[in-house]
Amino acid sequence: MGAAGKRSSDPGERATILRTLVETYSRPLSRYFNRRVAASHDVPDLVQEVFLRLSRLADPNDIRQHDSFIFVTAANVLKDQARRNRGRGAGLSDPIDDLSIESSDFAPDRVLESRHIADALRRALAELPERTRDVFVLRMLEGLKMADVAHAMAISTRAAEKHQARALAHVAERLKDWRR
């Protein structure tokens with residue numbers, strides 16, 4: 001890894017670093033975006049935007065924790081896309097076909113209850129310290145193994161397990177009214 005503040009003066013070295021990042025992270029980023037966007041045709045553009053942002057760094061060799069940096073960048077790409085879509089009014093509503101409502105397998109009260117639970121979960125996660133929340137998200141929502149979570153967060157597996165236990169206890173406490 002490069003020293004802080006040092007610029008990679010060798011364009012070949014810079015290209016090699018970027019190529020390695022693309023080869024290593026293209027698939028994980030595609031999976032990440034596929035889980036978060038409705039339109040799967042947007043995924044390649046989102047992945048490309050992450051790598052475009054990486055290519056604009058003064059020295060990509062200065063990145064200390066590739067996993068964390070790249071997935072934080074991906075989350076920012078999603079936020080920026082959502083902001084742009086809101087500004088244009090894109091994706092705010094789809095035409096509703098009356099037949100699709102009648103044939104739904106889910107009762108409206110169950111859908112509403114699920115939304116309330118999801119909102120309660122979001123609030124519970126927002127109350128957690130950032131590191132604890134990140135461990136929970138990577139493990140429970142991204143499906144990473146605990147060892148991979150620990151590696152991505154640059155902490156020990158035991159520390160990741162403690163963060164996960166804290167997050168689970170907090171979420172369980174906040175959602176106890178929703179359990180039946």
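A pocket is an open set of points on a 1 Å grid over the protein atoms alone, with protein on both sides within 12 Å along at least five of seven lines. Its volume is the space filled by probe spheres set on the points.

This is a predicted model, in which local features need pLDDT of at least 70, side-chain atom pairs count only at pLDDT 80 or more, and totals for linings use all residues. Residues are numbered from 1 along each chain.

**The pocket.** The largest pocket holds about 1100 Å³ of space. Its lining has 29 residues, where a lining residue has an atom within 4 Å of a point. Tyr32, Phe71, Ala75, Val137 and Leu138 lie nearest the centre of the pocket. Helix α3 gives the largest share of the lining, 9 residues. Helices here are DSSP runs (H or I, at least four residues), numbered from the N terminus.

**Salt bridges.** The structure holds 6 salt bridges. Each is a side-chain nitrogen of Lys or Arg within 4 Å of a carboxyl oxygen of Asp or Glu. Among them are these:

| Pair | N to O distance |
|---|---|
| Glu49 and Arg53 | 2.9 Å |
| Asp80 and Arg53 | 2.6 Å |
| Arg158 and Glu161 | 3.5 Å |

Glu49 and Arg53 are 4 residues apart in helix α2, so about one helical turn separates them. Arg158 and Glu161 both lie in helix α8, 3 residues apart. Arg158 is exposed at 52% relative accessible area, while Glu161 is partly exposed at 35%. Buried means under 20%, exposed over 50%, and partly exposed in between (1.4 Å probe, protein chains only).

Note on methods: Side-chain values use heavy atoms; hydrogens and water are left out. On a 1 Å grid over the protein atoms alone, a cavity is a set of points where a 1.4 Å probe fits but cannot get out, and a pocket is an open set with protein on both sides within 12 Å along at least five of seven lines; lining residues have an atom within 4 Å of a point. Helices (H or I, at least four residues) and strands (E, at least two) are DSSP runs, numbered from the N terminus.
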